[in-house]
Each structure stands twice: as C-alpha cells, then as structure tokens.
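Biologist: I am new to this one. Please show it to me, and then I will ask how you know what you say.

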Amino acid sequence: MARGKNTNVHLSCSKCKMQNYTTRINKKTTTKLEQKKHCHRCNAHTSHASGSEIKHSS
Ligand SMILES: [Zn+2]
C-alpha cells in the first residue's frame with residue numbers, strides 16, 4: 001500500500017484564480033510551488049501557484 005508522500009494539488013492562475021492544472025508536491029518539503037503556465041482564461045503565461053489539496057473521494 002502506497003503511502004501518500006506526494007499530494008495532488010491544484011495550480012491556480014495568480015491573476016484570475018482559475019484552477020488550470022494539477023500537480024503533485026511533497027508537502028513535507030514543498031509548501032508553495034509556483035510555475036509559469038498558460039492560462040486559457042487570461043490567454044497568457046501567468047504564474048500558477050499550488051493551492052487547495054485534491055482529495056480522493058473514494
Ligand atoms: Zn488566468
């Protein structure tokens with residue numbers, strides 16, 4: 001059984017806050033992640049910050 005080292009989180013656009021991407025981070029070593037990614041709503045490359053955790057409902 002794999003213990004969750006990495007947590008799935010949303011990456012949200014810093015401008016419009018739209019959650020465009022998901023990524024996995026290790027919450028013990030990474031508290032905040034920022035990546036330049038294309039936002040469809042802004043139609044531009046903006047910085048996307050890791051935000052809310054994605055919980056598996058099952
Ligand atoms: Zn945006």
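Modeller: This is a predicted model. The protein has four strands and zero helices.

Biologist: What makes the order of elements β-β-β-β?

Modeller: The elements are read from the N terminus on, and that reading gives β-β-β-β.

Biologist: How are the four strands arranged in the sheet?

Modeller: The sheet is open, with the order β2-β1-β4-β3 and antiparallel pairing.

Biologist: Why are β2 and β3 called edge strands?

Modeller: β2 covers 19-26 and β3 covers 34-39, and each pairs on one side only. That is why they are the edge strands.

Biologist: How are neighbouring strands of this sheet turned against each other?

Modeller: By 45 degrees on average, with direction ignored.

Biologist: How do you know that β3 and β4 pair?

Modeller: Pairing needs at least two bridges between the strands. β3 and β4, residues 44-53, have six bridges, in the antiparallel sense. Therefore they count as a pair.

Biologist: Which residue in β4 is the bridge partner of glutamine 35?

Modeller: Histidine 48 is that partner.

Biologist: What share of the protein counts as buried, and what makes a residue buried?

Modeller: The cut-off is 20 or more other C-beta atoms within 10 Å of the residue's own. Of the 58 residues, 14% count as buried.

Biologist: What share of the contacts with a separation of 6 or more joins residues 24 or more positions apart?

Modeller: That share is 46%. A contact here means C-beta atoms within 7 Å.

Biologist: And what does the C-alpha trace span?

Modeller: About 40 × 25 × 15 Å along its principal axes.

Technical notes. Residues are numbered from 1 along each chain as its sequence is written. This is a predicted model: local features need pLDDT of at least 70, side-chain atom pairs count only at pLDDT 80 or more; totals for chains, interfaces and linings use all residues. Helices (H or I, at least four residues) and strands (E, at least two) are DSSP runs, numbered from the N terminus. Axes are lines fitted to C-alpha atoms, for helices over the stretch in contact, and angles run from 0 to 180 degrees between N-to-C directions. A residue is buried if 20 or more other C-beta atoms lie within 10 Å of its own, exposed if 12 or fewer, and partly exposed in between; C-beta atoms are placed from the backbone. Two residues are in contact if their C-beta atoms, placed from the backbone, lie within 7 Å.
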